[in-house]
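The sequence and the coordinates are shown first.

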Amino acid sequence: MKKEELIEIGLTEEQADNVLKGINKDYAPRADIKELNDKLKTANEALEALKQNNQDNEALQTEVESYKNKVKELETAAANTKKEYALKEKLQAAGVVDSEYVIYKQGGLDKFNFDKDGKPVGIDDILKPLKEASPHLFKIENAGGYNPAAGGRPAVNNPFAKETYNMTEQSRMLRDNPEQARQMAAAAGVMI
């Protein structure tokens with residue numbers, strides 16, 4: 001065995017010289033070298049295991065990044081859903097009959113402004129020109145005093161609305177008071 005090999009396995013230069021010269025009587029070179037070789041083999045195996053774990057770690061890091069991206073996407077979707085419901089609620093409070101259609105016609109959720117809490121702002125500015133251009137998208141604020149010519153009580157429910165659809169009442173209203181029929185049909189989203 002050469003001095004360099006002994007130094008490589010962990011002996012100092014002096015110990016390597018002593019082993020080669022056989023001066024150190026207490027030193028059992030073959031046993032120590034075998035023990036050092038075993039330690040070196042164990043260290044190499046541990047190093048290989050760490051390399052393998054590092055590859056696994058890289059795969060895990062990629063997977064973690066993937067999950068982080070999914071979480072961000074879900075958080076964005078949740079924030080958009082919260083904004084959408086707040087906007088629909090505000091539109092319905094402003095008298096909009098079909099809030100989804102109004103959002104669509106304005107270009108989607110991104111075309112509306114929201115404050116830091118996700119509440120819509122500036123809705124009145126958006127709805128004012130829309131009320132003038134498309135009054136059928138809004139509820140009738142005051143249906144007026146409807147007094148049927150034949151007497152009796154006026155219709156309590158809108159016969160054009162999906163929930164209270166009534167063709168007989170629609171035709172009676174069209175015959176007796178066409179203006180109110182047009183207003184109620186527009187409130188229900190029906191074109192006459």
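A residue is called buried at under 20% relative accessible area, exposed at over 50%, and partly exposed in between, using a 1.4 Å probe and protein chains only. By this definition Arg 175 is exposed, with a relative accessible area of 61%.

The model is predicted: local features need pLDDT of at least 70 and side-chain atom pairs count only at pLDDT 80 or more, while totals for chains, interfaces and linings use all residues. Residues are numbered from 1 along each chain as its sequence is written, and side-chain values use heavy atoms, with hydrogens and water left out.

**Overall architecture**

Helices (H or I, at least four residues) and strands (E, at least two) are DSSP runs numbered from the N terminus. The chain holds seven helices and two strands, in the order α-α-α-α-β-β-α-α-α. Of its 192 residues, 22% are buried. With a contact defined as heavy atoms within 4.5 Å, residues 24 or more positions apart supply 50% of the contacts that have a separation of 6 or more. The accessible surface, computed by the Shrake-Rupley method with a 1.4 Å probe, is about 14,400 Å², and carbon and sulfur atoms account for 50% of that area.

**Salt bridges**

A salt bridge places a side-chain nitrogen of Lys or Arg within 4 Å of a carboxyl oxygen of Asp or Glu. The structure contains six salt bridges, including the following.

| Lys 88 | Glu 84 | 3.1 Å |

Lys 88 and Glu 84 are separated by about one helical turn because they stand four residues apart in helix α3 (residues 29-93). Lys 88 is buried at 13% relative accessible area, whereas Glu 84 is partly exposed at 30%. Both residues also belong to a network of salt bridges that includes Glu 100.

Arg 182 and Glu 179 lie three residues apart in helix α7 (residues 178-187), about one turn of the helix. Arg 182 has a relative accessible area of 45%, and Glu 179 has 44%.

**Nonpolar surface patch**

Leu 174, Val 190 and Ile 192 form a nonpolar surface patch with about 240 Å² of accessible area together. Such a patch joins nonpolar side chains (Val, Leu, Ile, Met, Phe, Trp, Tyr) within 5 Å, from residues with over 30% relative accessible area and no salt bridge. Leu 174 lies in helix α6 (residues 167-176) and is partly exposed, at 36%.

How values were computed. Patches are made of residues with over 30% relative accessible area and no salt bridge: like charges are joined within 9 Å, nonpolar side chains (Val, Leu, Ile, Met, Phe, Trp, Tyr) within 5 Å.
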